[in-house]
Amino acid sequence: MAPAVLSTLATEIIIPVCAVIGIVFSLLQWALVSRVKLTPDRNNTSNKNGYDDYLIEEEEGVNDHNVVLKCAEIQNAISEGATSFLFTEYQYVGIFMVVFAILIFLFLGSVEGFSTKSQKCTYDVTMLCKPALATAAFSTIAFLLGAITSIISGFLGMKIATYANARTTLEARKGVGKAFVTAFRSGAVMGFLLAANGLLVLYIAINLFKLYYGDDWEGLFEAITGYGLGGSSMALFGRVGGGIYTKAADVGADLVGKVERNIPEDDPRNPAVIADNVGDNVGDIAGMGSDLFGSYAESSCAALVVASISSFGIEHNFTAMCYPLLVSSIGILVCLITTLFATDFLEIKVVDEIQTALKRQLIISTVLMTIGVAIVSFIGLPTSFTIFNFGVQKVVYNWQLFLCVCVGLWAGLIIGFVTEYYTSNAYSPVQDVADSCRTGAATNVIFGLALGYKSVIIPIFAIAISIFVSFSFAAMYGIAVAALGMLSTIATGLAIDAYGPISDNAGGIAEMAGMSHRIRERTDALDAAGNTTAAIGKGFAIGSAALVSLALFGAFVSRAGIEKVDVLTPKVFIGLIVGAMLPYWFSAMTMKSVGSAALKMVEEVRRQFNTIPGLMEGLAKPDYTTCVKISTDASIKEMIPPGALVMLTPLIVGTFFGVETLSGVLAGALVSGVQVAISASNTGGAWDNAKKYIEAGASEHARTLGPKGSEPHKAAVIGDTIGDPLKDTSGPSLNILIKLMAVESLVFAPFFAAHGGLLFKLL
């Protein structure tokens, strides 16, 4: 077995250096976005917003000074609303974090009765490992580290998004290309900060834990799994809470504003308009940032746990052990080059080029990443090594591991393109949904649901092939690195994803500031492309969640000492059928929460239209604050039951029914959750873009269905409103459900293996 070319010292330098490069690059992008000024320059009329550029206002005679001030005022209101909501949410989540950290310590500490003596290692009983109490303490620390990093990731994302939205609006006066670059750069700030912070914190944690654990790598990486659990548990509350907030406001604003009052989207007369724009930032940005950070942390932890009991860990080969982190490091460099193609190398001149530019990002990052992974695999791994495979060591070659990562990477691209095909209004599926609006909302709903179910087929085959190939080559480690491959271009994926809500907000600000209809057309074009990219981002998140949870499931089965998961045994089968039901129970809770919050919002918006004199005429200002409060209160209250369902299920099942039933629950939730999540996200995305297709009226077919306010358009708005909780609350939260239950089971596996199955012991 030839050793890796890369030395331990080189590995110890490369990983933190790549993370720091990512942070520096994101700060550079932030500085470039900051050059767009939100204060009108009275003295120097030739220098508009920091650049010498021709503005639409000059042609149309609109007062530039007032427009800039109005944009700054609206941006401030959105930023304040988002910050206050997140602080309220984090207070509740902070309490949960402390309580759950205590639970982790008590459960894991009790495995050996809080003994401080060294214990026999789980996988090699001839060796002595650190006490269970140490694993309990370090798992708790890792959990808190993951949770705090996840919260910071979401908060920073929200801050840059609210910083950039008005700047994107102002840049739209100079052309669609300038606005695109501003929105995309802002997304890149979030993407690179999150990818680099996640990598750096994990790397520092491993090195600090090593000071105590020394050569006990099995115990070290078992404790590190708490990092993934912390990241995902915060993501769950961020996604569910943010999703309920944004959709309650969106549904309320659309139903009363567009359908009943026939006023445009984001009209300043609509009382729910600020809450709607705040929601884009807390749900689609902060929630999504925490979600993808959780996936990244878990796939890294799953790979590290399996590697620690393979030849990498047994022989203490630090470079090979850090292979998942090296893949992520090279991913940051690849995404950096890819981003420059969108912002510097290729300029967008017309609206039609936006979608192509975003697609190009996916293709370039995937191709470059394939080359990057090849380099890392051949210099960072020995030519052959062994991987733990349910009790036996399987011989694997470095080229096989390279193929495992590539399978995940390219499966992600396929899922992205299939998602785009089913949710973009440039293709026939969404156009068919739009066409069905001719006969009313009912046929629109039927077509949309059918589209969602159909869109599941190819992604599931892509995931299935990835699982088969990667497991055949490198067992559960192969599946973990395939998930990591799918997430290796996370910085670009997040930049594309965050771009959508920023553009959406930019359009809202343009409408509220009373800017020219030509500017609104530009921001709408940016937003329509952003809608599709958001759906692509959700596709990535769901696909990677399926692979991550399967890898975590494999690690759990090994750690819990289950020899095989036999579906024909009653213990496993009851778990399987209950697990398959959980995504439906969870979706029911989140959908109902959005519905009841939207009901209050609709009543409040109607009340204001009916009781505030001069509101419809634009002579009086609506009470935005009450609507923001309705969304905040509803989301904080309603996020607790779905969160409790996900967090308590593994604890209850493992403690009372044992590890075999729990393995069934995890498998059932994974299999049904992936299908429901993909169909929900794509159905909602298709309805949204069918509505935008009619509103834009870009083709002859679209013009026959419009204009805004026509019967087909009203039917499309109803479809979009039904799809809102599907694509932004239930769908994206389900991928957290499947991976969070798996990582939680893995963290608590020592306790379940020692003391679980109380009910069956009594029988």
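This is a predicted model: local features need pLDDT of at least 70, side-chain atom pairs count only at pLDDT 80 or more; totals for chains, interfaces and linings use all residues.
Good morning, everyone. With five residues, helix H11 gives the most to a nonpolar surface patch on this protein. Residues are numbered from 1 along each chain as its sequence is written, and side-chain values use heavy atoms, with hydrogens and water left out.

Back to the patch. Its members are Val-5, Ile-363, Val-367, Ile-371, Ile-375, Ile-379 and Trp-410, and together they make about 600 Å². A patch takes residues with over 30% relative accessible area and no salt bridge; nonpolar side chains (Val, Leu, Ile, Met, Phe, Trp, Tyr) are joined within 5 Å, and like charges within 9 Å. The areas are Shrake-Rupley values with a 1.4 Å probe, and for residues only the protein chains shown count as cover. Trp-410 sits in helix H12, residues 398-423. Its relative accessible area is 36%, so Trp-410 is partly exposed; buried means under 20%, exposed over 50%, and partly exposed in between, with a 1.4 Å probe and protein chains only.

Now for the salt bridges. How many salt bridges does the rule give? The count comes to 27, where the rule asks for a side-chain nitrogen of Lys or Arg within 4 Å of a carboxyl oxygen of Asp or Glu.

Let me pick out a few. Lys-739 pairs with Asp-291, and their closest N and O atoms are 2.9 Å apart. Lys-739 is in helix H23 (residues 711-755) and Asp-291 in helix H7 (residues 273-308), so this pair ties together parts that are 448 residues apart in sequence. Both Lys-739 and Asp-291 are buried.

Then there is Lys-359 with Glu-420, a salt bridge at 3.6 Å, N to O. This one links distant parts of the chain, with Lys-359 in H11 and Glu-420 in H12, 61 residues apart. Are its two partners buried or partly exposed? Lys-359 is partly exposed at 24% relative accessible area, while Glu-420, at 2%, counts as buried.

The side chains of Arg-438 and Asp-435 also meet in a salt bridge, at 2.8 Å from N to O. Arg-438 has 45% relative accessibility and counts as partly exposed, and Asp-435 is partly exposed too, at 29%. Elsewhere, salt bridges that share partners build one network, whose members include Lys-247, Asp-527, Lys-538, Asp-688, Lys-727 and Asp-728.

The largest pocket has a volume of about 880 Å³. On a 1 Å grid over the protein atoms alone, a pocket is an open set of points with protein on both sides within 12 Å along at least five of seven lines; a cavity is a set where a 1.4 Å probe fits but cannot get out, and lining residues have an atom within 4 Å of a point. Points are joined across faces, edges and corners, and a volume is the space filled by probe spheres set on them.

The largest cavity holds about 350 Å³ of space. It is lined by 29 residues, and closest to its centre are Asp-284, Asp-504, Asn-531, Asp-688 and Lys-727. That lining has four nonpolar, five polar and 20 charged residues, and H17 gives the most to it, with six.

The second largest cavity has about 130 Å³ of space. Its 14 lining residues include Leu-292, Gly-493, Leu-494, Gly-537 and Phe-540, the closest to its centre. Here the classes are nine nonpolar, four polar and one charged, and the largest share, five residues, comes from H16.

Terms used. Helices (H or I, at least four residues) and strands (E, at least two) are DSSP runs, numbered from the N terminus. Ala, Val, Leu, Ile, Met, Phe, Trp, Tyr, Cys and Pro count as nonpolar, Asp, Glu, Lys and Arg as charged, and the others, Gly among them, as polar.
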